[in-house]
Structures are given as C-alpha cells and as structure tokens.
Amino acid sequence: MSEADLYRLISESGYFDEKWYCSQYLDVKKTGIDPLEHYLRLGRILGRNPSPLFDSDFYVSEHEDHLGWQENPLVDYLTWGQEAGWKARPNQGRAALVVHVFHLDTLSDLAAYSANFPDDADQLVTCPDDFDAETLDLIAKALPRAQIVPVPNAGQDAGALIALARKIDLTCYDVICKIHSKKGAKEPARWRHALLRGVLGSRSQVDRILRAFETDPRLTLAGARQLYLHGPSNMRKNNENFGTLFGGMAGDFDYMTADWGFIAGTCFWIRSAALEEIRRALGPIEFQPSAYTDDGTIAHSIERGFGMVAALRGGRTLLSDVSDLERVEVVEAFPADGRREQVVVSQMLPNIAFPDALSRTWKPRGAVDESSRNQIGGWLAVIGDQTPREGILRIGKHEVPLTADHFRQDLKAHGINEGRHAFQVSVPLALYDGKSHEAVLIDKRTSTEIARRSFRWEKPKRDYWDFQGFLKSSMTQPEIHAPFAEEDKRAFAVMEGIAKRLAGRALSLEDKPLVSVVMPMFNRASIVGDAVTSVLAQSYGNFELIVVDDGSSDDSVAVVNGFYDPRIRLIELRENRGVTVARNTALKAARGEIIAYLDSDNTWDDRFLAAHVGALDELPDADMIYSGVLLYRSAVNEPHAIRYGHLHRALLENKNYIDNNIIVHRREFLDRLGGFDEKLRRYVDWDLVLRATEFGKIYSVPVLLCHYHYNRSLNAITDNVAYVGHLDILLESFRMRKRAYLEKLDQAELIRPVSVVIPNWQSLEDIHDCIEALARRDWKGMLDIIVVDNDSSEEVREYLRAEQDTGRILFIPLESNFGFTYAVNVGIEQARPDSDIVLLNNDAIAQPGAVQALQRACLDRPDAGMTVPRQILPAGTKTLRTHVPFASVISDCDVNISAHHRNVANVPIFHDGKDLEFSYAAFFAVYIRRELIDQIGPLDAEYGRHYRSDRVYSDMMRNLTDYRMYYVPDSHFIHKLQKATDHLRDIGEKDKKFELMFRRNQWDKETAEKLSYRFAPWDTF
C-alpha cells in the first residue's frame, strides 16, 4: 500500500486525532512535519498513539505474534484486526451508567429506564453528601446494582459528574451514559422522559448505541434528537462563563458561529476521552452551592461544553428520536434540517409525541373545590410537572383567566407535586345575585374541561351606614371581604383621609424621630426585594431598616446586599433560630425612638411610617399603636378582604386580629413589655400585643396602609403545623397573667354598699356556683346577696334557706314564677335604701375584682348610671358567633359588645380599649347607681315580664336622664350555658305558662289584675 493510500486510510478512519496528537506530543509541531505524516514515519518507531481511541502498546502486546516488527499497529488494525473483531484499546466497548439523584420523587423513573442498561455493566450513583442514611437506603433500594458516591451539592448534575470524575478514573470506561433526576421549573415530566427515552428508551436502543460507539471511533455524543439544540443560537446568558471555562480548549474554534449542538438537559452518552477533556479544561474550579436557576450558571455552560467537545474532535453525534425509538441519525456538527434558532424547550416539549400509556399520566387534573364570599378556589396541575398551568374559569358568559401557582399544604400532602398548583379568582360582580351559577374549569393548553361545580353568591349586606357604624362593627367582625359595598368604600375613604392627615402631621415635624424597621428573613430570595423596596419608598425618610437573616440557604442575603442604601443594616445569623430570635436581635441593635415591623413577604404603602409617626405624635400617652391591613391571596393583585378591628381587648384575647406588620411602638416601651418570647415560633405577634394591652397603653388607628399576602412563600410560619402546639404555650402564659391581674383587682374594697339581686328559678348547680363566687371573700358588710326565687323545686329552696341561715344571703321566695323582671324589682325593693344595685343572672359567675371594677367605673364617672362587665360565654356556646362573628368558638369569649344587639353607642376615632359607652346591654350582669333608681324607678315588669325590660330601662335612662351606660372590660363575669332557660324551653312546648312568659312576654289575666297591671292594646300576636 502506497504512502498516499496509508495516509488516506488513517485520515478517514477516525482513529487519528490531530489536535490530541499534537497536544500529547509537543515535539511534533517543532519538526514542521504534517502530524499524520509524523505518525506514519516516526510515531510507530516512538511507540506513540494516534488518538485516545487506539492504544498501540495494547494492540501490539495482544497480537505480537501476528505483527511484524516494522508494521504500524493502527494500519494492521484497520486492514485486518477491525474485521477480525480485535480491540483497539483495553476499554473498548466498556460502558458505565452514571445517575445523579437529587429529586427523590423521580427515583421510580430513573430505576425504570436504568433497567435497560446492560446487566453486567457498572452503575454509579451520585447524590448530595448531606443526604441522610434513610435517604441513601431509599436510593439503594431503587438502584440496587449501583455504587453510591456522595458528592458536594453544588453545580447541579453537571457539577456532580465532574466531582465524580475527580474521585473515580472514568477513563477506564470507553463510554459513559449520564442521566439525572431532571425536574426543571417548566414541563419537568415531559423533559425528563424525553431525555431518558433518548438514551435508555429500550434495551434494543441501548444495544444499538453501544455498538455504534464500539465500531465508530468518531462517535462522541448520543442523546435525544428533539433536545439537540443549536449551540450558537442557544448560548443565552452563558457566553461569558462559557468563554472563561472553555476558551482555551476551543482554541481557534469560533463557537459563536460554527455549526454545532448540545443536548438540552444533560442526559447523554459521551466518550470518556471527551469527558476527560472537559474535566481537564475545568481544572481545579470549585462549584459553589446556590439556589436553583434555570440559566446562566457554570452548570449551564458545561452543558453546552459537552456538545462542543464533539465538534472540536471532529466527532459525530448519534440522535435518537424520542417518538420513534427505532429511528436514529448520526450527524456531524448539526443536522441539516435542525432549527438554527433559539428554542424555548418548554414550548417545544408539548409537541413531542409520547406513547399513550406515558402521556396519559401528564393529562391535567384539577378541581373547583372552594368558594369564599368573593373568590373561587381550586387547583390545576399535571402530576410530575411543577410548571404553573394556565386555565379559564367559565361561569355563564364570564370567562375568568387564571394561573394555578399558589401553594396549598393539602395539595402537597396528597401528592399534587410540591403543592404550588392552587388558584384563587375573584367572582365577577354581576354574579352576586343569589342565583345558582355553574363554574367550569378549563385547562388553557389542552382546551379540555377539568371540573365543574355550582355556587351561589349573595350581594353583601352591611349593618352600618357611616364611619361610626363601621368602627363599631369592626369590634366584633374585623374582617370585611370583597366585593366591597358602597358602605365599605365610604369607610375606607375616611381611612384614607385620616392617613393623609396623620402623614402630613409627621412630615411637618421639625424634629423627626428615627424609626427602626425590623425585618426578619429566612429563605425569601424571591420576594424579600419587594418588602425592602416598599420600605425604601416611604415618604417619611428618617428610618433605619434592620434586616436579620435567620440562616438562609438561598440568595436572600445577596438580594438585600443588592440594595445600596445606607439606611439598610443587614445582620446575618449563622443558623436558623426562629423569627423571635431574629426580631429580638434586631431590637437589640435598633437605634430608633420608634419601632415598626415588616415581614419579608409583605409590603407597606409609602405613607405607612408617616401616618404612624403622626399618630404617635397625636397620641402622646400611647405606648403602642396598630392599624389595618389589606389581605391578598398569593399573586392576586386585588385584595380579597381588609382586616381592621377597633381595639376590643376581650375579642383580642379570644382570637388575634392584629398582625405584627401593623404594630408600631415607642422604643422605651420595650423596658416594660420585653421583647418577643423566644419559646414561641408561631403566634409571636399575638403574644406581643396581648402583653402590650396588659403593660401599656395601646390605641387602634383606623388606616389601611399594609399589604399582607397569604401563600406567597413556601415557608410561611402561619402554614407550619409543627408550631400549632405553641398556641397552648401562649394561652397558658396569658391565663396565668390574667389570674394575677384579677386577683390584684380583687384587693380593692367597695366604697359604697352594694346589693346583688339574683332572680332564680330551678338550676341548683347554677345558683350554687353564682352564690359561691360572690361569697368567697369578706366584703366587710358592704355587699348583700338577695336571691328572689320564682317558685323553684323544694330541693332548690331548701338549699337557699340553708344559705340564708348562714347569713350569706337574703332569701325571698315567691309563690309563683313571676319571671325575671318582677323578681328583680322585689329584690330592689328589699335592698338597703342607700345601696347601689347589681342585677345578676343565676348562671352568672363573678370573677375576682368584677364587682369592684363595676363600682369604680360607675362612681368615677359622674354621668355613669349603669356599668356592665364582660359577659363571657364558655367555648362552644351556640350563640357565641351570633354576637361576635369573628370569634373562635373553641375559646371563651365576651359577647357584651354584640353585633346582634348593635349596642355600642359611640367610639372615639383612636380607641384604647378601655371603658366604652353602650346604648344597651342585656341585664345578665349590670351595676345600677342608686341615684338612677331613685330618678326613674325600678324595671318595667308590666310590659316586660321576662324580657324587654332591660332594653326599656336603658332607653328610659338615656332619654329621660343625663346618665349613661358604660362597658367595663376589667370586670369579668362568666355566663354559663343558661340551663334554667333551656329546661323551661324543653318542657314548655306543651305548657301555657311557657308560652305566656317566654314567648309572649305577657301576664295571665288573673295575675295581671292582682298586680294592677294594664293590658296594652298594641301587645298582640
């Protein structure tokens, strides 16, 4: 064979790599001889290899009997050995599977496709080195033949492969099949299966790929045809990193114009020699842990590098069709019909045809499963695909677009991916008509109907017309849900006016106090920037923002550091210790006279600080103030509700309505208040504000300047069920303080005589408890207990006679059941002429200090004719929410401020939660000044035998005298479950006496004549 023929034979064989040969043997260029000629003339003599794919020494040692001493081993292989099936290198045909596991929920897919890899070939699994033993065991069970090699969790799957190559010599293999647990942000299931079907789709496909690598030395890369992207057109954000990492390896190869490609998603087969070139090009580069990013990282540059190395070697790429596994194509550079343009993979993936059995699992699922007053909720997802799906909610002629991207814990718990597939949409105003409407959920991409459900929405009705009415209503129902009625909008407009006035006051101050804004942060990189921006935008500029990072593992710190404002102070904690520790850390560092709080997932209106500084200036006795908040669900731009409650201490003790983001207080108040309770990780704002009402003066300020977002972050403390038990810690601590406070109030003595009048009928247990609560202390002759009994059983009367014999009560038995009012008047008549009167139900249990607090409040106010206490209903009482719609029924609650009775007379614009004027209160427990009785007499039993008399008496006082009724929150009476009334109701359905007294509130003719009562012509049924 002539020298020219030999030259052509080797040149076309794919076994001579000119670049590799020159880089391995540096003297070649110095000779000035063509590298291939150098190999033909001198390479054999010098024992040199033409490329990493042919090992001359190995071939000679294997076939030395066959070769002549002057014969070129590569020539022999090409002319004889290849056809005979002899190996060109020791590792020829040896393959290894490398699996990187990060997302454990994809293990079943990885295991299924890995089963197509040859049984006798090696398998290696990389995984983060912080996986625990239980997780490693899970991986071992899924991939039992694999050797598990933990690596640093850095550089994504590409970084893991390079880390493995640094630990284990992968050049002992001829070819590597590399796959990983692909779960990108968009179409992860389709992307993962497309990648895996391109390399391990079937055993026959794998055999075909292995044969191709064994027989074609130019074959460098193999993978999914549909995911083979044009390199120069899809460099995206990686140009700079790519040049830094691979510029030296590329040499004069113009990777921005040359025709080459790469596998998008990095699941491929690759020659180990090519992988080694990548490893060497990267040198000692260290991958750094970071949050997942879908482009622009070192890992994405390496992804492209795997493709470019094939082009640099003059190599070929085998492309398998994902839709038809029997269809393969071997290309040099880039396919002639390939798309030489930028490709958005997530948009291309839905066009790939997959087997029906596989694609059926990706069909969208969902539900329309909830409706609030103003929104419809549900979920829409493809299982295995984290991508938020777009949909349409069709309700009659209305089509409401939606994006299902909100987080719901129940979805995650039921395996709907990571739970971020819920949606909330506003109900069109036209549908608030009380009629039934069917809502149909449609998946936008597939145009398929997913679910349907019928709803009915009533037009909102408010019980107030003006701002005073709004403030009163807010004391029992702080939340108002959209759609907002005109009455709401009028109230909100007044709140805007108040905010403007207060902000102007603050901005006109000559000496503006410094405000310290406290912001704890933990893994909030995606949203903390919004919170910080809202603080920096404040019209009141004299503030410092103290951000405390509570051991974040994402880019939160980098986001905050990206704001170049000297007013920001960042404090980094080494480990996550909880929001209370983070806030207390900030409080210790605070320099301001005023403290405000903003969480990293919420924002403020630009007037927030100005309005609150102005309010503190207007209220010099205030230690703390709070305001209202607009509530949003996830990324919805319109508020679904507002929450503002005029200060009602008793409701606050039942259920919190004051969020930390709307609390502002003076720095000096911390000396009395203390910081946040570090035993708590949840309910910390409730705990703080409860202590504030006990140790200082707190005012409600009716403005709406805070934006609170539900479901905006995955790690919201509110959603963490692990901390539910912290409620018990908070409540037990509060109860202990409350008991101590009431015991302190009970140390006070009465300064005027008091006669407690208790009308009674039956219910021995109740009257016993009622008397015991009053008689437990020594009143030093200043309090009498008068029980007027409405013809109870002999057992009850025997008990009352015994109590009278001890001198603890005055017992007045009536010969018949005359009802509540008559019995009360008999008691008043028998009371000391100089004593004030307390009217008390027989199921009312006085708490320590209750009577003294009522008296003190009454006598301290010259215009106070009556004072009323908290009427505390036990948890579970059926009428509790009738009076206080916002209340939690699992806790006791005061109902004397009542939505049912609408009994608050007037409230100040800024309220401190103390005594409040009432227009009326049920006479379950009421303190009446003797002067009022002298002026308007006893209650009206004539026209209010059992009920009505309390309201009539209240109106008589308000309209005929200058006296008023005041609510006293320091006075506590527990109202038991009204057993006597329930018993009377139970037996009374067949009892004419029940009908007359309890329902008609009237007297029988005989008794009326005896008492000289008239019958009113208007009192008819």
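The legends below describe close-up views of a predicted model. Local features need pLDDT of at least 70 and side-chain atom pairs count only at pLDDT 80 or more, while totals for chains, interfaces and linings use all residues. Residues are numbered from 1 along each chain as its sequence is written, and side-chain values use heavy atoms, with hydrogens and water left out.

**View A. An open sheet of three strands in the order β11-β12-β15.** The pairing in this sheet is antiparallel, where two strands count as paired if DSSP finds at least two bridges between them, and where strands (E, at least two residues) and helices (H or I, at least four) are DSSP runs numbered from the N terminus. The edge strands, each of which pairs on one side only, are β11 (365-371) and β15 (422-426). From one strand to the next the twist averages 25°, with axes taken as lines fitted to C-alpha atoms and angles running from 0 to 180 degrees between N-to-C directions.

**View B. The pairing of β11 with β12.** Strand β12 covers residues 375-381 and is joined to β11 by six bridges, the two strands running antiparallel.

**View C. The salt bridge between D119 and R203.** The structure holds 73 salt bridges, each defined as a side-chain nitrogen of Lys or Arg within 4 Å of a carboxyl oxygen of Asp or Glu. In this one the N to O distance is 3.2 Å. Because D119 lies in the loop between α7 (107-114) and β2 (122-128) and R203 in helix α11 (residues 203-215), the pair ties together parts that are 84 residues apart in sequence. D119 is exposed at 52% relative accessibility, whereas R203 is partly exposed at 41%; buried means under 20% relative accessible area, exposed over 50%, and partly exposed in between (1.4 Å probe, protein chains only).

View D. D488 is buried, with a relative accessible area of 0%, while R462 is partly exposed at 24%. In the salt bridge between R607 and E496, the closest N and O atoms are 2.9 Å apart. E496 is partly exposed, with a relative accessible area of 36%.
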